[in-house]
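Please have a look at the sequence and the structure first.

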Amino acid sequence: MSRTRFWKRRKKNGDAIDQLCQTAVNEEKEQEERETIRNYLKKLRKTIQDMMNENETLPENEKLEIWEFNLDIEEHKRMEAKIEDEVARVRNEMEMQILAYCYQYDVIKRECWDSMKVKGRAIKAFHQEDEVKNYPMKERTQREMEELERVKTLRRIEQADLSIVEDESKTAPQKDEDEGGEEAESPALMGSLSAQCGVLSPHLYNQFELHTREQKINQTILLQDVIHNVKMAFNEEFDAVYKQKEEEMNRVKEKNRRIVEIMGDLGLKEMLWEPTLSVNERPERLFTVDDSEIKVEKYITPEQKLKAEELAKTEEQRRLAAKCYRERALWDMMWGVLEDKKEDILKKEIPQPEFMSKPEVQWTEEEKKDFKEYENKVKELKEEQEKYRKALEAELKKLQTSIKDATQVFDEKLDRLAERKLQYEKAICQSEIRIAHLSYSTDVEETMKIRQKKLEVKLERSRKIKRDSAEELKKHKEDVDAFRETYENAVAEDNLMDRGFRKDFSDVPGHVVEHLYKLYKCQPST
């Protein structure tokens with residue numbers, strides 16, 4: 001390698017090394033600058049935090065607002081505008097969602113609650129999980145009532161006509177008439193057990209009298225009225241039991257208040273059984289939201305906070321004023337002392353004489369006499385307290401037993417109501433099955449009529465096709481006869497020409513005639 005080339009290469013490598021060194025130096029400077037800036041920001045942040053802490057200790061008139069510690073005003077404004085836009089967007093979405101929920105709520109409430117004449121509810125037993133539900137019912141429309149009245153009027157007319165015919169007919173034996181009357185009253189013939197539920201239905205058809213479609217439709221309307229009346233009858237019994245439970249709960253609450261007083265006097269701490277109505281028993285609670293159902297913290301605006309503080313301050317002033325008034329009234333009327341109640345006997349104590357603090361050997365005769373009187377009073381007080389305690393315990397046990405017995409009696413009555421409902425359900429299901437059978441029968445009859453009409457139309461169409469085909473066949477037969485006659489004439493003419501062919505060429509040699517005859521036979525048929 002030449003010296004010149006060596007120095008050129010060394011210079012080139014030296015420039016690259018210098019460039020790398022310069023780059024390293026620049027990166028080190030940038031890193032130092034970043035570290036300097038980071039330290040500066042840390043000191044600045046600490047300084048601002050100290051200033052904010054110091055600001056909290058200043059009087060109200062010297063305090064600065066939080067936003068005044070923000071050094072980047074433009075960024076602060078930009079972030080505030082962004083936050084406000086996001087808040088507005090979220091608020092609009094929530095308002096639209098709330099509006100949709102309100103619409104669904106209104107629709108469901110209008111269709112499933114407001115339109116109900118009898119609201120659905122239940123009665124739950126006190127000591128069991130059993131419950132009995134009533135029959136929710138809608139108000140019948142004007143059209144339904146008019147249709148029902150029309151059918152009842154028609155049935156009254158039919159029954160009046162039937163009674164006239166029976167009065168005029170004297171041929172039937174008395175025994176048969178009695179049997180017929182028994183059959184008319186039979187549930188098997190009338191097809192309804194509603195009479196067992198206290199619902200009479202005199203307009204129902206006898207099951208053996210249902211023949212026409214109109215009778216079946218009228219019977220369906222009458223059965224629907226029977227179902228309605230049976231449900232109303234059960235709902236009346238249900239309401240009576242429901243009212244009885246409310247009264248029983250009020251009695252239990254009154255007895256519980258007395259039990260709480262007795263337990264307080266006796267110093268007992270036990271869980272008290274307090275019956276409450278469930279949501280199924282009070283379904284209207286579903287339309288109100290209790291504060292305990294809200295799992296998130298409620299947002300209170302500054303205006304609401306200020307108003308709540310003012311109300312609390314006003315209520316506290318009113319309470320203090322009322323307290324002072326009651327204390328003054330007590331002192332003015334009774335010198336600040338109320339008469340001891342009988343319940344305070346258990347808390348009453350006889351104060352010890354002052355001389356009992358001295359040794360017994362130092363007592364005088366008078367003090368010993370006073371001590372005996374003190375012991376007698378203590379003994380009498382203990383006996384009185386024990387007697388009163390036993391009376392309270394007996395009353396407590398009696399109250400608890402009466403609550404248990406009364407609630408168990410109600411549960412038994414609820415069981416009887418559940419059994420009674422089975423009878424109502426049997427009558428309702430029987431009527432519904434009959435309606436289904438009648439509907440099926442009328443549908444089958446209607447289907448058969450429609451099918452019969454279709455078959456009649458199809459038969460008439462087939463008959464018409466048959467008539468048209470017969471006429472066309474007759475016409476074709478005439479054409480065939482005409483063609484056959486023409487054909488027969490042509491064949492007869494050909495036979496005649498064939499027989500007279502040789503006669504026409506009698507003067508021609510025989511071999512020529514044979515040749516001509518062959519050509520004649522080969523001619524195309526026309």
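The notes below cover helix packing, aromatic pairs, one tyrosine and the cysteines.

This is a predicted model, in which local features need pLDDT of at least 70 and side-chain atom pairs count only at pLDDT 80 or more, while totals for chains, interfaces and linings use all residues. Residues are numbered from 1 along each chain as its sequence is written, and side-chain values use heavy atoms, with hydrogens and water left out.

**Helix packing**

- Helix 6 (residues 213-266) packs with helix 8 (residues 365-499) at an angle of about 170°, and their axes are 9 Å apart. Helices here are DSSP runs (H or I, at least four residues) and strands likewise (E, at least two), numbered from the N terminus; axes are lines fitted to C-alpha atoms, for helices over the stretch in contact, with angles from 0 to 180 degrees between N-to-C directions.
- The two helices, helix 6 and helix 8, are therefore roughly antiparallel (angles over 145 degrees; under 35 is roughly parallel, 65 to 115 roughly perpendicular and the rest oblique).

**Aromatic pairs**

- The whole structure holds eight aromatic pairs (ring centres of Phe, Tyr or Trp, the last by its six-membered ring, within 6.5 Å; planes under 30 degrees apart are stacked, over 60 edge-to-face and the rest tilted).
- One of them joins Phe-126 and Phe-410, edge-to-face because the planes stand at 65°, with ring centres 5.2 Å apart.
- Phe-126 sits in the loop between strand 2 (122-124) and strand 3 (131-133) and Phe-410 in helix 8, so this pair ties together parts 284 residues apart in sequence.
- Phe-126 is buried at 12% relative accessible area, and Phe-410 is buried at 2% (buried is under 20%, exposed over 50%, partly exposed in between, with a 1.4 Å probe and protein chains only).
- Tyr-135 and Phe-234 also pair edge-to-face, 5.4 Å centre to centre with 75° between the planes.

**Around Tyr-424**

- Tyr-424, found in helix 8, is buried at 1% relative accessibility.
- Beyond neighbours within four places in sequence, Tyr-424 is in contact with residues including Cys-197, Val-230 and Glu-237 (contact means heavy atoms within 4.5 Å).
- Tyr-424 belongs to one aromatic cluster with Tyr-135, Phe-234, Phe-238 and Tyr-242.

**Cysteines**

- A search of the whole structure finds zero disulfides (pairs of cysteine sulfur atoms within 2.5 Å).
- Cys-112 is exposed at 53% relative accessible area, and Cys-429 is partly exposed at 35%.
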